[in-house]
Amino acid sequence: MDKPVCLIDTGSDGKLCVQQSALQILQQIQQPVVVVAVVGLYRTGKSYLMNRLAGQQTGFALGSTIESKTKGIWMWCVDHPTKAGTTLVLLDTEGLGDVDKGDSKHDTKIFSLAVLLSSTLVLNSRGTIDNRAIEELQYVTELTEYIKIKSPDEVVDDSEFVKFFPNFIWAVRDFTLQLNINGQDATEDEYLEFALRLKLGNSSQVNKYNLPRECIRKYFPSRKCFTFPFPTHPDNVSYLETLDPAEISKKFLEVSDRFCQFIFDQSQVKNLKDGHTVTGRVLSHLAKTYAETISSGAVPCLENAVIAMSMIENEAALQEGLQVYQSGMEKLKDFFPLELNKISSEHQSFSLMATQTFMKCSFRDHDGKYLTSLEEAINRQFDAYLWDNEKASEAKCERLLSVLSNPMTERINQGFYARAGGYNLFCQDLKDIENQYNALACKEVKIAEVFEKFLQEKIAFSRSIQQADNKITENERRICEERERAVLLEQEIKVQEERQCQLEEKIKTEQRNYEKRANGEIFGLKG
């Protein structure tokens, strides 16, 4: 982000409203986040410190009048300068104590949100940490009214809040006192602890004095203090962001540098109670849940918010895991049809990648409900891809059979098999097609089913050819028999004719012989 955006706005009706555009920015951040929020009275220079943390001279609005410049909560996400792979989220809050707000509880809502969202809370004030400054922090005493750890009917010890609350830094601006306690030099941290000392006694006045101090000590056990001198001449304070560094007090710049370096080095990544690391996406869910709950007049329950967020996160993790699986399988689909063992192997590989993605993004899926849902969704997807692969295999096998059976189809159309022995020729051609098909489609998952369907389609042709073949054979047998009978008859006729000829020739011979004998005898008598 090159500039801050409004995360939570304050509407004209005074209600808090989460800005969707800011949530979308957070949702894109998959890295852990260090969240630093600054709170304090308006016109105390909070925005200047946040700009320094962002490494910029300008960014968060600095006002030059008595009017509060920042409204709601503004956000600036930048790369963390010392923690690689981490995003630094800076939250600049609306100034507390602005007389124009009207709603006496509005400041407490803003303060509560800053506490809930941050991992480090910076309280910015001016002058000294005196009783008046501490009494102005009545928001701390009201925290437990605006934040619940568990459901309202469950009693929770105040120490539980510490597990959710951020580290605490008190930045005292325009500090002019000497750091000296009882004649002894003191550190800034010792000065803070001295200001938070409790008085002895049980009177109402003592209790009133101790209450904000007890709350700070109890809710923020990790505390740090920085005291800033005047940055420049009072006339130039309103234009601090435009001043040349040479015009700013060296002591002020030195404290500013220490302040920034401490936050960079010591501010921790925001975690939830169970140690789960908060990413930008998780922070977006928290911001939306807390702001909407507080704006509705209800009290945000931290446990319930975490449960609700876990449902959203786990559903998103499930979808991300499923997307990883689908993306891989869709690329594989371009190569369908594949052997079953190949597609099964890729399915297992992509399933593992999907599970790893889910585990990386999931949150508190203790009972494995969402992981089981992911596995079931993947199995349903796998069944669908298997079906797609089978359809691709079926189409490929059908195309192959169509090519191989073309010659047979042409022979059928030409009446090639309409002859005696045609059925045997048809069966031989069919066997040749089967052998070629099995050789070329041996790795296809639908090889058998497609060929069975092919055979079913050829049954009618087969029976027709067989019947025609049988009919032709029977007719030819009859013709042969008739031909044979005709030949035999012709032969018999020929035999009869030959016999007749022979008989006639015999008769003729006998007649001639008779005649010769008769003539001989006559001639003999005469001689």
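**Helix packing and buried positions in the predicted model**

In helix H13, Cys 397, Leu 400, Leu 401 and Leu 404 meet Ile 433, Gln 436, Tyr 437 and Leu 440 of helix H15 (contact: heavy atoms within 4.5 Å; helices: DSSP runs of H or I, at least four residues, numbered from the N terminus). The contact comprises 7 nonpolar residues, 1 polar residue and no charged residues (nonpolar: Ala, Val, Leu, Ile, Met, Phe, Trp, Tyr, Cys and Pro; charged: Asp, Glu, Lys and Arg; polar: the others, Gly among them). H13 spans residues 369–404 and H15 residues 422–440; the two pack at an angle of about 145 degrees with axes 10 Å apart (axes: lines fitted to C-alpha atoms over the stretch in contact; angles: from 0 to 180 degrees between N-to-C directions).

The model is predicted; local features need pLDDT of at least 70 and side-chain atom pairs pLDDT 80 or more, while totals for chains, interfaces and linings use all residues. Residues are numbered from 1 along each chain as its sequence is written, and side-chain values use heavy atoms, without hydrogens and water.

Helix H10 (residues 280–295) is mostly covered, with 12 of its 16 residues buried (buried: under 20% relative accessible area, 1.4 Å probe, protein chains only). Among them are Arg 281, His 285 and Tyr 290. Just after H10, Gly 297 adopts a positive phi of about 95 degrees.

His 347 lies in helix H12 (residues 340–361) and counts as buried because its relative accessibility is 10%. Beyond four places in sequence, His 347 touches Tyr 325, Met 329, Ile 378, Asn 379 and Phe 382. The C-alpha atoms of His 347 and Met 329, 18 residues apart along the chain, are 7.3 Å apart.

Terms used:
Buried < 20%, exposed > 50% of the residue type's maximum accessible area, 1.4 Å probe, protein only.
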